[in-house]
Amino acid sequence: MDTSVMHGSGDAEPSRCPSPGPVEIRAQLARIISSPEFPKAGRGAAFLTFVVEEALAGRAQRLKGYTVAVEVFKRSDGFTQDDPVVRIEAGRLRRTLERYYLVAGQHDPIRIDIPKGGYAPSCVWNDAAVADLKEAAVENPGNRPGQGWLRTRWLILAGLVSIVCTAPLTYWPTERFVAGEKPSNFTEVPDEPTLVVAPFANLGDGPEDELYTVGLTEELLTALPRFKEIKVFGRETSKSLPPEVQASEVRGGLGARYLLAGGVRVSGPRVRVTARLVDTSDGAILWSQNYDDDLTTRELFTIQSDVASKVATAVAQPYGIIAQAVTANPPPDDLGVYDCTLRFYAYRADLSPETHLTARACLESAVARYPTYATAWAMLSIAYLDEDRFRYNLKPGQPAPMERALSAARRAIDLEPGNTRALQSLMTALFFNQQLTEALEVGEEALATNPNDTELLAEFGTRVAISGQWKRGADLLDRAIALNPGGAGYYHGTRALAAYMLDDHEKAVGLIRKADLQKFPLFHVVAAAIYAEAGLIDDARREGKVFTAMRPEYIRDIIDENRKRNIRPKDSIRMIASLRKAGLPVPDAAEVEAELLVSPAIARP
């Protein structure tokens with residue numbers, strides 16, 4: 001068997017580091033496709049496995065677009081190059097491998113890539129692993145030449161047994177779903193806005209300047225991919241670009257729609273970072289910002305991490321610069337599906353039944369076309385949930401909204417376990433299915449996954465606050481508002497409720513006036529309670545009348561409605577008392593206390 005096509009020339013010493021053989025290559029292949037960092041959905045695993053096995057069998061010359069299309073993507077014999085599926089999926093696979101070796105595979109023994117210009121893989125010893133072994137050889141000079149590589153091969157074989165045994169359990173459910181529900185001519189996920197990060201330019205001449213620029217670029221490449229609504233080219237692509245790369249070169253060479261670039265200047269103890277986002281279609285600067293800091297008060301690593309978080313949040317968050325740019329100037333390619341995510345965020349900002357209906361219909365269409373698009377399933381879960389909790393656009397029949405919401409959230413998690421929006425949807429669905437402990441655990445996981453996502457921060461802060469942790473919930477909401485001052489009105493609405501519960505009535509009044517969600521019924525009931533407690537009775541009565549007209553049954557069932565939302569009995573008693581002051585026809589105090597303090601507490605599995 002001739003495996004020479006699999007090996008790069010490299011600088012390895014043949015006598016000390018022979019080229020990887022089939023056993024090692026297959027072990028590395030299994031390690032990659034079983035990694036949490038390798039997407040479980042889609043044809044990436046099948047694509048990579050096919051080209052590696054063909055090359056190992058000595059058939060690398062067969063790896064043309066036609067062969068891959070027919071064998072991997074099941075296109076008919078009439079496939080032509082007018083169908084871009086192989087080129088698109090090859091580009092996606094290259095980026096996936098690039099990210100894998102940046103995140104999980106830095107010290108894997110073998111590096112597998114698909115070089116541009118063809119589909120034949122390259123398999124070489126990983127430089128980082130070679131360096132580790134050389135270092136080990138220096139520390140243990142008694143080892144015979146080649147002994148380290150022999151030991152590595154045995155370790156690879158041992159790992160392969162575990163990986164191969166567990167891989168079927170990892171892949172079977174997703175593959176079964178895809179095979180059963182996805183038409184073969186559909187692509188896996190829609191094209192989303194693409195971003196490339198150029199290495200930040202070193203604008204100074206001090207000894208730490210270069211270290212800072214490299215570190216900042218690495219931090220950005222860690223922070224940005226956490227936002228799942230955009231696609232970010234990985235480390236290897238960034239390293240291949242000069243800091244002064246032109247937008248037109250990025251557009252023509254990579255096809256990326258956005259370029260993030262900037263520079264770093266260190267002058268004595270002062271550090272200044274300049275960042276800018278450029279639209280590669282015309283070179284327009286969409287956003288720019290300077291960040292100043294002091295090396296005498298904060299460590300270099302802390303400054304890098306903080307600046308990267310601020311830049312990533314400003315640029316990539318759901319209500320950020322890229323989302324605004326796409327809304328103002330949508331791309332012609334697959335606008336319909338990406339537009340659904342924008343409609344979802346427009347609904348979250350407005351919280352009206354009209355925008356809910358539009359977003360839900362669009363998302364249902366999106367998951368029908370792209371059944372493995374986790375973000376759309378997550379958003380659809382929240383839309384289904386809002387049918388019940390807000391009584392928006394209820395669909396008759398079964399399954400019930402809560403059941404559909406939980407099912408869609410679990411589908412999103414199955415497809416992409418680390419997707420922040422999927423975790424958010426599961427947290428919210430569990431919360432309203434009275435599984436409070438589990439909901440908050442999922443929320444903590446989501447927060448750890450992406451602490452800069454303001455949509456998640458606000459939703460998790462709301463769940464934490466309403467469950468009784470008003471101070472922590474307020475802190476999380478304050479972070480969301482600080483990161484996205486012009487964000488959705490419900491940030492301010494829930495923060496106003498938290499201020500009311502924390503007896504800061506002046507702040508509560510100021511925040512509820514900022515929220516101004518006139519089409520959202522629960523805004524008015526919260527406003528009525530806040531105004532009543534602040535002594536603004538006329539305002540409280542006005543809001544109470546609006547709410548009663550919008551949701552007359554809520555006041556009648558207010559004890560059960562509050563229970564559904566996991567509001568603690570003492571907090572529910574307090575809110576109902578405030579609404580009584582506002583003139584709403586709520587039950588009297590004795591009846592409320594008897595129901596909430598004497599009746600068994602709501603079950604929380």
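Which helices each supply at least two residues of the lining of the largest cavity? The legends below, drawn from a predicted model, begin with that view.

**View 1. Helices around the largest cavity.** Helix 18 (454-466), helix 20 (489-501), helix 22 (521-533), helix 25 (558-564) and helix 26 (569-581) each contribute at least two residues to the lining. The volume of this cavity is about 490 Å³. A search of the whole structure finds two cavities of 30 Å³ or more.

**View 2. Residues lining the largest cavity.** The lining consists of 27 residues. Those nearest the centre of the cavity are I466, T494, F520, L522 and V526. By class, the lining residues are 18 nonpolar, four polar and five charged.

**View 3. The second largest cavity.** This cavity has a volume of about 60 Å³. Helix 10 (300-316), helix 11 (321-328) and helix 12 (335-350) each supply at least two of its lining residues. Helix 12 gives the largest share, four residues.

**View 4. Residues lining the second largest cavity.** The lining is made up of E229, I230, V315, A316, Q317, P318, I322, A323, Y338, T341, L342 and Y345. Nine of these residues are nonpolar, two are polar and one is charged.

**View 5. Helix 13.** This helix covers residues 353-369, 17 residues in total. From its first C-alpha to its last, helix 13 reaches 25 Å, close to the 24 Å expected at 1.5 Å a residue. The buried residues in helix 13 are H356, A359, R360, C362, L363, A366 and V367.

Definitions and conventions. Residues are numbered from 1 along each chain as its sequence is written. This is a predicted model: local features need pLDDT of at least 70, side-chain atom pairs count only at pLDDT 80 or more; totals for chains, interfaces and linings use all residues. Side-chain values use heavy atoms; hydrogens and water are left out. The expected span of a helix is 1.5 Å times one less than its number of residues. Buried means under 20% relative accessible area, exposed over 50%, partly exposed in between (1.4 Å probe, protein chains only). On a 1 Å grid over the protein atoms alone, a cavity is a set of points where a 1.4 Å probe fits but cannot get out, and a pocket is an open set with protein on both sides within 12 Å along at least five of seven lines; lining residues have an atom within 4 Å of a point. Grid points are joined across faces, edges and corners, and a volume is the space filled by probe spheres set on the points. Ala, Val, Leu, Ile, Met, Phe, Trp, Tyr, Cys and Pro count as nonpolar, Asp, Glu, Lys and Arg as charged, and the others, Gly among them, as polar.
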